[in-house]
Amino acid sequence: MVCLGNICRSPLAEGIMLKLIEDKALDLVVDSAGTSNYHVGEAPDKRSTANAARHGVDLSPLRARQFKTADFDAFDKIYVMDHSNRQNVLKLARHEADKAKVDLLLNSAFPGEDREVPDPYFGGEQGFEEVFNLVNKACRAIAASLA
Ligand code: 4NP
């Protein structure tokens, strides 16, 4: 799960997937990262953590890291939140097989629509609720398709 800062959207996607893996006993590994190094080592944004907690998802143990080329080897799928993240991840791809792993997260819930998870960082609380609902829908679709 990849966004820009790895403190708002992608840790939420990781936290929701971790809960689904536990609840549904899925044999999956999930992690998240940011394309930037702006917040490396930091806990998720307080607004994201608070919103997730209201939905029963714990983001408190997560810490931000930067996406790296080795992630193409470690993971079968690279889910990005928006078109900018997608471009930045694709710049690190070494070959077509790397590129083929990359998709917008919301294509899992809205196939072929290329919808973005809006960046809530500079907005208000409502943005975090909208992000939760979109990311939750996509993660549930992924879990259902793999269960
Ligand atoms: P995220 O949100 O990519 O969902 O983690 C952002 C976090 C930080 C910044 C931008 C977006 N920033 O510019 O610092």
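**Salt bridges**

I started with the salt bridges, and a search of the whole structure turned up 10 of them. I'm keeping in mind that this is a predicted model.

**Ligand**

Next I listed what surrounds the ligand. I got C3, L4, G5, N6, I7, C8 and R9, then Y38 and H39, and finally D119, Y121 and F122. Sorted by class, that shell comes out as seven nonpolar, three polar and two charged residues.

Then I checked backbone contacts to ligand oxygen. For L4, a backbone N or O atom lies 2.9 Å from an oxygen atom of the ligand. G5 also puts a backbone N or O atom 2.9 Å from a ligand oxygen. With N6, a polar backbone atom is 3.2 Å from an oxygen atom of the ligand. How much of the ligand does the protein bury? Taken alone the ligand exposes 360 Å², and the protein buries 92% of that.

**Largest pocket**

Last, I went to the largest pocket, which holds about 370 Å³ of space. I found 21 residues lining this pocket, and V29, V30, F75, K77 and Y79 are the closest to its centre. Which elements give two or more residues to the lining? Those are α1 (9–24), α3 (71–74), β3 (78–80) and α6 (125–146).

Key: Residues numbered from 1 in each chain as written. Predicted model: local features only at pLDDT ≥ 70, side-chain atom pairs only at ≥ 80, totals over all residues. Heavy atoms only, no water. 1 Å grid on protein atoms, 1.4 Å probe; cavity = no way out; pocket = protein on both sides within 12 Å on 5 of 7 lines; lining within 4 Å. Points joined across faces, edges and corners; volume = space filled by probe spheres on them. Helix = DSSP H or I, 4+ residues; strand = E, 2+ residues; numbered from the N terminus. Near = heavy atom within 4 Å. Polar contact = N/O pair within 3.5 Å; in protein donor to acceptor, adjacent residues only side chain to side chain. Areas by Shrake-Rupley, 256 points an atom, 1.4 Å probe, with all protein chains shown as cover. Nonpolar A, V, L, I, M, F, W, Y, C, P; charged D, E, K, R; others polar. Salt bridge = Lys/Arg side-chain N within 4 Å of Asp/Glu carboxyl O.
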